[in-house]
Amino acid sequence: MSIISEQLTFNQYTGDDVTTVYNYTFYIREEANIAVYVLETGESPADDTTRIASSAYIVVGAGIPGGGTVTFNTAPASGAIVTLKRAAPYSSDTDFSTP
C-alpha cells in the first residue's frame with residue numbers, strides 16, 4: 001500500500017509592478033489545471049471575479065511533479081496579491097468495480 005504525501009496546492013505572492021514570473025510548487029497535469037488570481041489593493045476576495053483569463057499569462061511545467069512557472073504578459077501592480085492555485089478536476093483515470 002502506498003501513502004500519498006500531503007502537497008501544498010497554492011502559492012501566494014505580492015506584486016511589485018516589475019516581476020512577471022512566479023513559481024508554483026505543486027503538480028498540475030495540464031496547463032488548464034491552474035487558476036491564477038490577482039487581487040488588486042483595496043479589492044475584496046469575495047468571489048472568483050479576481051481570476052485572470054488564461055490569455056494573460058503562460059504556464060510552464062505542467063506534468064512536472066515539482067511545479068513550474070506562470071509568466072504574466074504584464075506585471076501585477078505593486079501591492080497586488082497574486083495567487084496560483086491548483087484547479088484539477090476531481091476525477092480518476094482508474095475505474096473501480098465492486099464485487
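Trainee: Hi! Before we start, what counts as a strand here?

Mentor: Strands are DSSP runs of at least two residues, numbered from the N terminus. Keep in mind that this is a predicted model.

Trainee: Got it. So what pattern does the chain follow along the sequence?

Mentor: The pattern reads β-β-β-β-β-β. That gives six strands and zero helices.

Trainee: Which strands make up the open sheet, and in what order?

Mentor: The open sheet has three strands in the order E1-E6-E3, and the pairing is antiparallel. Strand E1 (10-14) and strand E3 (34-39) are the edge strands, each pairing on one side only. On average, neighbouring strands of this sheet are turned by 15 degrees against each other, with direction ignored.

Trainee: How many bridges join E3 to E6?

Mentor: Six bridges join E3 to strand E6, which covers residues 81-86. As an example, Tyr 37 has Thr 83 in E6 as its bridge partner.

Trainee: And what holds strands of a sheet together in general?

Mentor: Strands of a sheet pair through backbone hydrogen bonds, in a parallel or antiparallel way.

Trainee: Okay, over to E2. Which strand does E2 pair with?

Mentor: E2 pairs with strand E5 (residues 68-72), antiparallel, over four bridges. Within that pairing, Tyr 24 has Gly 68 of E5 as its bridge partner.

Trainee: Which residues of E2 are on the covered face, and which on the uncovered one?

Mentor: In strand E2 (residues 21-24), Tyr 22 and Tyr 24 form the covered face, while Val 21 and Asn 23 form the uncovered one.

Trainee: Let's talk packing. Which residues have the most contacts inside the largest nonpolar core?

Mentor: They are Tyr 24, Ile 34, Val 59, Val 70, Phe 72 and Leu 84, in a core of 14 residues. At least two core residues come from each of E2, E3, strand E4 (57-60), E5 and E6. E3 gives the largest share, with three residues.

Trainee: Nice list! Now the whole chain: what percentage of residues is buried?

Mentor: Of the 99 residues in the chain, 27% are buried.

Trainee: And the accessible surface?

Mentor: The accessible surface of the chain is about 6900 Å², and 53% of that belongs to carbon and sulfur atoms.

Trainee: Last one: what share of contacts joins residues at least 24 apart?

Mentor: Counting contacts between residues at least 6 apart in sequence, 69% join residues at least 24 apart.

Methods. Residues numbered from 1 in each chain as written. Predicted model: local features only at pLDDT ≥ 70, side-chain atom pairs only at ≥ 80, totals over all residues. Heavy atoms only, no water. Buried < 20%, exposed > 50% of the residue type's maximum accessible area, 1.4 Å probe, protein only. Contact = heavy atoms within 4.5 Å. Areas by Shrake-Rupley, 256 points an atom, 1.4 Å probe, with all protein chains shown as cover. Pairing = 2+ DSSP bridges. Axes fitted to C-alpha atoms, helices over the stretch in contact; angles between N-to-C directions. Core = buried A, V, L, I, M, F, W, Y, C linked by side-chain atoms within 4.5 Å.
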